[in-house]
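This report describes the aromatic pairs and the nonpolar core of the structure shown below.

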Amino acid sequence: KQKVLDMGLGMERIAWFSQGTVTMYDAVFPEVISFLKKKTKVKFDFELFKKFAPYSSLLNLDEVEDVDSVWKNISSKLRVECSVLKSKIRPMTGIYSVAEHSRSLLFAIADGSLPSNVGGSYNLRVIFRRALSFIDEFGWKVDFNDLIRIHAKSLRRIFPELESKVDDVCKIL
C-alpha cells in the first residue's frame with residue numbers, strides 16, 4: 001500500500017534500457033517530452049546527443065572552474081564547432097531538465113512540501129527556478145501548470161492521488 005518514488009533512477013534505467021530510447025527521459029517522460037518538443041519546436045539531433053552524452057558529465061559545474069574550456073574541449077573531440085554544439089545540446093538538456101524538475105515538484109508539493117528559502121524546501125525553490133530559467137532563456141511559451149497536469153495524467157495508473165492535488169500544486173507554483 002505504501003508508494004515510494006525512488007530517486008536513485010534504478011527503475012528508470014530499466015525502462016530506458018528496455019525501451020531502447022536515446023535517454024532515460026525519453027523513456028520515462030514520453031508525454032511531457034512530446035508536449036515540450038511540439039510547444040518549443042526544438043529539433044533534437046539524437047546522433048549528436050549520442051556522441052555528446054559520454055562527455056556530458058565533464059560539465060559538472062561543482063567540479064569545473066572553466067566551463068567554457070570544457071565545452072571547447074568536448075566540441076574539439078566531437079569535431080563540431082563549440083557554438084553549434086551548444087546551440088543544439090543546450091535546448092535538448094533544457095527540455096529534459098524542465099520535464100524532470102516539473103515531475104519532482106509535482107510529487108514533493110502533492111506530498112505536502114512547499115518551495116521555500118529554508119531547509120530541504122529550498123531545493124524545491126531551486127529546481128523550480130532552474131526549470132523556469134530554461135523556459136525564459138529559450139523564450140519558450142510553456143505553461144508550467146500544463147506540465148504538472150500531463151505528469152499527473154500519465155502517472156494516474158500508479159499514483160491516482162496526484163490528479164486530485166494538481167490544482168493545489170498549480171496554485172502553489
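Phe 128 is buried, since its relative accessible area is 14% (buried: under 20% relative accessible area, with a 1.4 Å probe and protein chains only). Phe 144 is likewise buried, at 7%. The model is predicted: local features need pLDDT of at least 70, side-chain atom pairs count only at pLDDT 80 or more, and totals for chains, interfaces and linings use all residues. Residues are numbered from 1 along each chain as its sequence is written, and side-chain values use heavy atoms, with hydrogens and water left out.

## Ring pairs across the structure

The whole structure holds ten aromatic pairs (Phe, Tyr or six-membered Trp rings with centres within 6.5 Å; planes under 30 degrees apart are stacked, over 60 edge-to-face, the rest tilted). In one of them, the ring centres of Phe 49 and Tyr 96 lie 5.8 Å apart with planes at 70 degrees, so the pair is edge-to-face. Phe 49 belongs to helix α4 and Tyr 96 to helix α6, 47 residues apart (helices are DSSP runs of H or I, at least four residues, numbered from the N terminus). Tyr 96 is buried at 3% relative accessibility.

## Nonpolar core

The largest nonpolar core comprises 47 residues, and Phe 144 and Leu 162 are among those with the most contacts inside it (a core joins buried Ala, Val, Leu, Ile, Met, Phe, Trp, Tyr and Cys through side-chain atoms within 4.5 Å). Helix α6 gives the most to this core, with 14 residues.

Conventions. Buried < 20%, exposed > 50% of the residue type's maximum accessible area, 1.4 Å probe, protein only. Helix = DSSP H or I, 4+ residues; strand = E, 2+ residues; numbered from the N terminus.
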